[in-house]
Amino acid sequence: MRNILSVIIFSLIVSSCSKDHQFNNLKTQVLGKWEIEEYVCGLCITPVTMYPAGNGNIIVLFNDGSFERRMHDSVTFRGKFFLSKSEECGKPDSDIAFSTNESLNSTPRFVKIEAEKLPLNIPYCYSDGALTIYRRIQ
């Protein structure tokens, strides 16, 4: 009985450390310069919008938690971004949410890095469930 309890406690510790490592690793992976590639919104008039490389719609995420939205070389917004563990939509395990201090983009978006892509996904329990995908450019 004691061995079983020890194994359970050890598993919980390893699992929690692994999730913290994933969170910290993602913090460094999101840093950089990203250009919009695709916007998907099932309830919108135009459900999928593809953006060509070099379109200039850029977000730059800095190490100090600040970010800039740019249109080519012109800064259109400066602010702060935040990564946090989110249990949005009642999911039992937390996802990592990306949010900013912009008033227009205040909804947290689930985030992960996939093959030099930065998908920002509105939680599925929200009405539109939109997805914005950025490609890394630096």
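From the N terminus on, the elements of this protein run α-β-β-β-β-β-β-β-β-β. Residues are numbered from 1 along each chain as its sequence is written, and side-chain values use heavy atoms, with hydrogens and water left out.

**Stop 1: confidence**

Now colour by pLDDT, the predictor's confidence in each residue, from 0 to 100. The protein averages 79, and 72% of the residues score at least 70. Which element has the lowest mean pLDDT? Select helix α1 (residues 2–29): its mean is 54, the lowest among the elements, while strand β3 (residues 57–61) has the highest, 96. Over residues 2–18 the pLDDT is below 50, and this stretch has zero contacts in the model beyond near neighbours in sequence; a contact means heavy atoms within 4.5 Å. Where pLDDT is low, the predicted coordinates should not be read in detail.

**Stop 2: two aromatic pairs**

Rings of Phe, Tyr and Trp (its six-membered ring) pair if their centres lie within 6.5 Å; planes under 30 degrees apart count as stacked, over 60 as edge-to-face and the rest as tilted. By this rule there are two aromatic pairs.

Select Phe-67 and Phe-77 to start. Their ring centres are 5.8 Å apart and their planes stand at 40 degrees, so this pair is tilted. Phe-67 sits in strand β4 (residues 66–71) and Phe-77 in strand β5 (residues 74–86), 10 residues apart.

Next, select Phe-81 and Phe-98. With centres 5.7 Å apart and planes at 20 degrees, this pair is stacked. Phe-81 lies in strand β5 and Phe-98 in strand β6 (residues 95–100), so the pair ties together parts that are 17 residues apart in sequence. Both Phe-81 and Phe-98 are buried.

**Stop 3: the whole protein**

Finally, select everything. Of the 138 residues, 34% count as buried. Among contacts between residues at least 6 apart in sequence, 40% join residues at least 24 apart.

Key. This is a predicted model: local features need pLDDT of at least 70, side-chain atom pairs count only at pLDDT 80 or more; totals for chains, interfaces and linings use all residues. Helices (H or I, at least four residues) and strands (E, at least two) are DSSP runs, numbered from the N terminus. Buried means under 20% relative accessible area, exposed over 50%, partly exposed in between (1.4 Å probe, protein chains only).
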